[in-house]
Amino acid sequence: MRRALIFVGIIALIVAIVYWRIESRRPPPEVAHSADRRVTVWSSSAQVREPLMTLGYGERVVVLSRAGDNARIRTDQGVTGWVDQRQLMGPELWERVTALLTQARGMSVQARGHTKVVTNLRIEPGRDTQRIVQVGRGVSVDVLARRVAEVPATGDAETAADQEPRKEDWLLVHAKVQDVGEFTGWALGRFIELDLPSPLPDYANSAAIRVVGWFTLNQAADPTGPKPQYLVIGTRGGEGQACDFTMLRAYTWGAKRKRYETAYAESNLCGKLPVRVTSATQSGGDADFRFTEIGKKGAAEAHYHMHQTIIRRVREGEGQAARLRSRR
């Protein structure tokens, strides 16, 4: 009896060691995240199937197997089913997505607008970069940054090599969709329409400005209520330009004429986003705005100070003395 127990114990130990060695060599479960606002988990990969549940954007799943365009997954709720592989993203990409979202939360808004069409948001500017989410038409977005990317060559390779690569604008946008969540990614610039407050569209059109961004400098007192005073930045010509903007205009409220007037205009500069605005808390208080300007001597900070309806550029070394003079 004792020998039998010892034999059984040895067999159990051997089985345990073999099982441990097999399990230790088995790769860890593959983790993925849902890459669309709504991802349906199906009962089967066949054409005749039933929906089991819907995943929200970024939800974690374990990939059990893959078959063609489909993946068999297990959700954190314990539901096992099938999804389209194109609706999943790996953990490395998800880490980059979350890092980009965290970065966006600390960036200043340069303009506000909405998507003109169904739009893919990508992890980096460019049509060949990884897509992270698709948003629908009419989604409100905050514009945070701009970059330029080359349009992928199409057609004959030799002909394409002789031509200068075409470039297009990409915008870093941040969106909050009710009941869905937050998204940040790079969108093709022509897919975003800016929502300028009135009457800025009329002023921009009359000056032939393609607006890149706008900001509230401060507010002017008026019997009908405070009126925001604006800084508008823009450019002329098509997309793919090296400068983010080449001109700026400041529009202030004229209480006597009851209309906005151009208080400051500057052209022929090469500005880079972001524009950083510091506004006074009280109505009609002073304001400052800054941005990086690319000049003949390289990049330097451009600094402007606003007092009442007067805006002037603060040259290097002027500092506080310039502010005092502007108030006289």
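Author: Start with one pair. Glu168 forms a salt bridge with Arg190, with 3.2 Å between the closest N and O atoms. A salt bridge here is a side-chain nitrogen of Lys or Arg within 4 Å of a carboxyl oxygen of Asp or Glu. This pair links distant parts of the chain, 22 residues apart. Glu168 lies in strand 12 (residues 167–177). Arg190 lies in the loop between strand 13 (181–188) and strand 14 (192–194). Strands (E, at least two residues) are DSSP runs, numbered from the N terminus. Glu168 counts as buried, at 0% relative accessibility. Arg190 counts as partly exposed, at 31%. The cut-offs are simple: buried is under 20% relative accessible area, exposed over 50%, partly exposed in between (1.4 Å probe, protein chains only).

A note on the source. This is a predicted model, in which local features need pLDDT of at least 70 and side-chain atom pairs count only at pLDDT 80 or more, while totals for chains, interfaces and linings use all residues. Residues are numbered from 1 along each chain as its sequence is written, and side-chain values use heavy atoms, leaving out hydrogens and water.

Now a second bridge. Arg146 and Asp244 meet through their side chains at 2.6 Å, N to O. Arg146 sits in strand 11 (residues 140–150), and Asp244 in the loop between strand 16 and strand 17, 98 residues apart. Both Arg146 and Asp244 are buried.

Glu30 is in strand 1 (residues 30–34) and Arg66 in strand 4 (residues 60–67), so the pair ties together parts 36 residues apart in sequence. Glu30 is partly exposed at 36% relative accessibility. Arg66 is partly exposed too, at 42%. The count of salt bridges comes to 19.

Next, the rings. The whole structure holds 9 aromatic pairs. Rings of Phe, Tyr and Trp (its six-membered ring) pair if their centres lie within 6.5 Å; planes under 30 degrees apart are stacked, over 60 edge-to-face, the rest tilted. Tyr230 and Tyr260 form a tilted pair, 5.8 Å centre to centre, with 40 degrees between the planes. Tyr230 lies in strand 16 (residues 227–235) and Tyr260 in strand 18 (residues 259–266), so this pair ties together parts 30 residues apart in sequence. Tyr230 is buried, at 7% relative accessible area. Tyr260 is buried as well, at 9%.

Terms used. Helix = DSSP H or I, 4+ residues; strand = E, 2+ residues; numbered from the N terminus.
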